[in-house]
2 protein chains.
Amino acid sequence: MSYLDRIRACHTWPAETFRPFLVGGEALGWVAHDFASRLAEFPQAFDVTDKAVALPARYADFDSRSAVLQEVIQELHGRGEIPNWRGEDYGVSRRWGEAPLFKMERAAVPLLGLPAYGVHVNGYVETDEGIQLWVGRRSKHKALAPDKLDHLVAGGQPFGLSLMENVVKEAEEEASVPADLAARARPVGAISYLCARAEGQRNDVLFCYDLKLPADFVPRPGDDEVEVFFLWPMEKVLERLRESDDFKFNVALVNLHFALRHGYLDPDREPDYQAVVQALNGV
Amino acid sequence: MSYLDRIRACHTWPAETFRPFLVGGEALGWVAHDFASRLAEFPQAFDVTDKAVALPARYADFDSRSAVLQEVIQELHGRGEIPNWRGEDYGVSRRWGEAPLFKMERAAVPLLGLPAYGVHVNGYVETDEGIQLWVGRRSKHKALAPDKLDHLVAGGQPFGLSLMENVVKEAEEEASVPADLAARARPVGAISYLCARAEGQRNDVLFCYDLKLPADFVPRPGDDEVEVFFLWPMEKVLERLRESDDFKFNVALVNLHFALRHGYLDPDREPDYQAVVQALNGV
């Protein structure tokens, strides 16, 4: 087991299994071949060929694209073909910061392999012995990654919020962090990957935040996401990252990024240092 | 002008201009076609074809590879064909941390487009108004990048030193930083690029270090690298990065990396955020 195993697990991409999903003639997502056959039942919404699934050019604006996709997704949901329904819309854009091309129920986003954005917040405490990281254990009843280790706060990016608004909202909901404390979180980078998983094609950009916390602050689970929080020395976090897949697949990436940025991996001592940096960068 | 211009300047790579340099049958570097013709004059050292330049398989260990390459490079140097002679050996390996395949005069490394390693140390001060960064102005008499803005400390990685030993050595030489203070520098990541420049093909990995300095510490130029040091608020550093190419080409990358890690670029405000991160990652 090594750090590289954690990163490779987020870049599992059997390209031959997918065909591109085209919007405005450009690849925006990736559809599995068997799901493409099902989408062929909806010729009003999809032009399906052996090579690609395309949204017809007549859907040329945000509202018309969102409406036709919602119609199909609701129909598939009614047939029980879209699990993990969230009742929450994502805005879909080629790149963060660009105007969304449409909005769509979150559960359908990986089925079309569309770009998805999220915030991942590491809460930490500086002590004389080094950094300690708040680690949550996810509920056993979560649909995705039950019982895995998680950040203090993380969440998908709902349509219509800024990233920082989402950080503050999720921090209150998941860990009972007061808004004024959560607002001290600082953006420290972003991590991208393309990964085939049970829930679909994850085409994710994770915006990473560091939140330095006072030593006397103790987070409390605020919803059904996380059952319990632990405060772990970085050495323990790194050992778990190296020796197990106990951390949720993408949380492991963000924690390696954190360890790199805070000097917990040393290129004079870690033989995989350059490989870890490059794999994390997606090259 | 934008941050992206700074990053693109370090990834200028007209691939059709180069052929691979093979060692042990694998591409290790890149040779310009016209330089390949000159290397064809040394059949004892190079098998030159239209497709590649190869080190013959009979040079199968560190000493024999280093010796034959040194012989050719000395000969070319004698003819005045290797400018910027340094009298300093680099260790050449496929990846940092692997045993070097050979050592070679530093000035010849970009002519063969070989992997080169260096340390880039940002010295900074935390104030109530935010971070201030120590910025050096390079001497007008430097062969490479005269008069450009630089870090507190940076240097190529000579054969036989650890990165941290090099940080401490260069910190003393370039900025008169005492060893015990320099030793507080923390590794915070690495940046790679492949870039065609006047001096040759730069196939570099820069190991980045952060050195938090006391407010009362003032660096002094210790050799002929840097003429003067300034302490600049990050906002001024960022403005120069955006609006000019005053920073040395690769120093700009490391400073953008620093700005990202310390929360000075905000994905809610910077439209190029995702593009900057991906370009910096080399994807």
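Start with both chains of this predicted model on screen and select the interface: 32 residues of chain A are in contact with 32 residues of chain B. The two chains bury about 2,600 Å² between them, with 49% of that area on carbon and sulfur atoms. Colour P187(A), D268(A) and Q274(A) next; more than any other three residues, they contribute to the area that chain A buries against chain B, supplying 22% of it.

Stay at the interface and display the polar atoms. Between chain A and chain B there are 16 residue pairs in polar contact, both residues of each pair being at pLDDT 80 or more. The count of salt bridges between the two chains is 0. To see which elements of chain A face chain B, select helix 4 (163-175), strand 11 (186-197), strand 12 (200-212), helix 7 (249-261) and helix 8 (273-281); each gives two or more residues to that side. By residue type, the side of chain A that touches chain B divides into 18 nonpolar, 9 polar and 5 charged.

Next, select N250(A), which lies in helix 7 of chain A. With a relative accessible area of 2%, against a cut-off of 20%, N250(A) is buried. Its side chain makes a polar contact with the side chain of Y193(A), at 3.0 Å. Apart from neighbours within four places in sequence, the residues in contact with N250(A) are C10(A), H120(A), Y193(A), R202(A), D204(A) and L206(A).

Move to chain B and select strand 10 (residues 153-156). In a regular strand, side chains alternate between the two faces of the sheet. Here V153(B) and G155(B) point one way, A154(B) and G156(B) point the other way, and all are buried. Opposite V153(B) stands V121(B).

Two backbone positions in chain B come next. A145(B) has a phi near 55°, a positive value in a residue other than glycine. Look for A145(B) in the loop between strand 8 (130-138) and strand 9 (149-150) of chain B. Its relative accessibility is 17%, so A145(B) counts as buried. For S176(B), phi is also near 55°, again positive in a residue other than glycine. S176(B) sits in the loop between helix 4 (163-175) and helix 5 (179-182) of chain B. S176(B) counts as buried because its relative accessibility is 17%.

The last stops are charged pairs. Side chains of opposite charge can pair when their charged atoms come close. Over all chains, the count comes to 43 salt bridges. Select R202(B) and D204(B): their side chains meet in a salt bridge at 2.9 Å, N to O, and both residues are buried. Then pick K140(B) and D147(B), a salt bridge whose closest N and O atoms are 3.6 Å apart. D147(B) is partly exposed, with a relative accessible area of 32%.

Finish in chain A by selecting R38(A), E41(A), E75(A), R79(A) and E81(A), which are joined into one network by salt bridges that share partners.

Conventions: Residues are numbered from 1 along each chain as its sequence is written. Chains are lettered from A and ligands numbered from 1 in the order in which they are written. This is a predicted model: local features need pLDDT of at least 70, side-chain atom pairs count only at pLDDT 80 or more; totals for chains, interfaces and linings use all residues. Side-chain values use heavy atoms; hydrogens and water are left out. Contact means heavy atoms within 4.5 Å. Buried area is the accessible area (1.4 Å probe) that two parts lose on being put together, summed over both. A salt bridge is a side-chain nitrogen of Lys or Arg within 4 Å of a carboxyl oxygen of Asp or Glu. A polar contact is a pair of N or O atoms within 3.5 Å; within protein, one must be able to donate a hydrogen and the other to accept it, and residues adjacent in sequence count only if both atoms are side-chain atoms. Helices (H or I, at least four residues) and strands (E, at least two) are DSSP runs, numbered from the N terminus. Ala, Val, Leu, Ile, Met, Phe, Trp, Tyr, Cys and Pro count as nonpolar, Asp, Glu, Lys and Arg as charged, and the others, Gly among them, as polar. Buried means under 20% relative accessible area, exposed over 50%, partly exposed in between (1.4 Å probe, protein chains only). Two strands pair if DSSP finds at least two bridges between them.
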